[in-house]
Amino acid sequence: MSAVAKLAAEHLPTHRLPDEGLDPELTRQLITAELYLDSEPMRNLATFVTTWMEPDAQRLIAENNHRNFIDHAEYPQTAEIEQRCIRIIADLFNAPGKTTGCRTQGSSEAIMLGALNLKWKWKERQEAASKPTDKPNLIFGGDVHVVWDKFCRYFDVEPRIVPLSDGKYTIDADDVKPFIDENTIGVAAVVGTTFTGHADDVEGINDMLVELKNSGGPDVPLHIDGASGGFVWPFLYPQEKWDFRLEQVRSINASGHKFGLVFPGVGWLVFREEDDLCKDLVFMENYLGKEDATFTLNFSTGSSMLLAQYYQFVRLGRSGYSGVMHLMQANANELASRIKATGYFDLIDEGNPQLPLVAFKLNKDYGFDEFDIAGSLSARRGWMVPAYTLPPNAEDVTVLRALVKETFTYTMVEALAADIEEACTTLMETGGLHELQRKHLVKTNPAI
Ligand SMILES: Cc1ncc(COP(=O)(O)O)c(C=O)c1O
């Protein structure tokens, strides 16, 4: 039987370990063939995560998958490279002096650790003042990623969620202030929200917290969720203050695997100063060859993505990152103006600092909705442009969102804009998808 015929005839194991194995090439081909059933990452405009790296970076990744990141004693140079990355990121975020931080699997782990640190620091403050420590609360807007709600549930903290409203999709000082009391472990503000790509009013929130502290109120730290914005704002909006230039900003997370331009999974948590990390959260272990400090939720993990992050820092430098961010922004702007020119859409919060993406919604009732457009785009050319409703109390607003990444070229901008217009023209004639079709699409297509 030819290799191709064998490939077509194989039934891959789905429930139990097979008695015999296959040869390596056939195994790879079979798995690769199955992956054709997945969506094409280059047309995935739903994801914030990096889908392309240049060949030398890919080689570095492939050559270092066998290096366990946590074995600091065995791989001290890898550990040194982690420290370099932390210093580089802290400098990018304008840390005033000696700082500390860690590499994580992504922003979710970084946020869990950062928020745990807020909780422990608050506990220290309360205990020092002989105050109760049983009712911690954390304040954030409805515009945060689900990981913040997860943290609150997993680690028993009351979430105090500032609701959004129709037309207001980020939060500011006036929104936050009424929620603060002495049990507030911190405020989390987002730079580059998942929903529309904008930033909370970090400077305003900081100023309010400074005033509160200086007038005898609680000293409430601010954590910035820069999962996406952490690597965008320093290059596209260097004048905007959102980072350690602001007094109450004590910790920041960023996803290396989003606009840090590395494949998944690498993330970062950086503290303003060494003292901002609660020492009780750092564990010492000595079973890997030397005494070592660990501050992570994971233990063993690969080194490749950390090395790939360092590769990008060395390879691109400030000018390279700036060039990539401006390229993405230019193509996002082009896509935005073409989408607007169709006449069907409003852009969300046009003109405000934003991630390189386009968030848009229909400007009136055309007899079809954003979910119909997402379905048509997917059927038309495999575009994954998600449609979703915004969080409470803006849940009546449905938006479409297209991320514009490094590989999303001007030609693709033209093609997508044309497809969006054509989808609308067709939907004007046919009306929205049938309810059953829509149900099926929602069930089978994660982009919708
Ligand atoms: C604002 C924000 N915070 C946190 C996360 C979670 O990040 P990660 O996927 O790196 O765990 C995301 C993911 O999209 C995000 O957009």
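The legends below accompany several views of a predicted model.

**View 1. Overall fold of the protein chain.** Residues are numbered from 1 along each chain as its sequence is written. In this predicted model, local features need pLDDT of at least 70 and side-chain atom pairs count only at pLDDT 80 or more, whereas totals for chains, interfaces and linings use all residues. The protein chain holds 13 helices and 13 strands, which are DSSP runs numbered from the N terminus (helices H or I, at least four residues; strands E, at least two). Along its principal axes, the C-alpha trace of the chain spans about 70 × 60 × 45 Å.

**View 2. Surroundings of the ligand.** The ligand is surrounded by 14 residues, of which the closest are Gly106, Ser107, Ser108, His145 and Ala227; a residue counts as near if its C-beta atom, placed from the backbone, lies within 6 Å of the molecule.

View 3. Val144 sits in the loop that runs between strand E2 (137–141) and helix H6 (146–154). Val144 is buried, with 25 other C-beta atoms within 10 Å, where buried means 20 or more such atoms within that distance, exposed 12 or fewer, and partly exposed in between, with C-beta atoms placed from the backbone. When neighbours within four places in sequence are left aside, Val144 is in contact with Ala188, Val190 and Asp225, a contact being two residues whose C-beta atoms, placed from the backbone, lie within 7 Å. The C-alpha atoms of Val144 and Ile161, which are 17 residues apart along the chain, are separated by 9.2 Å.
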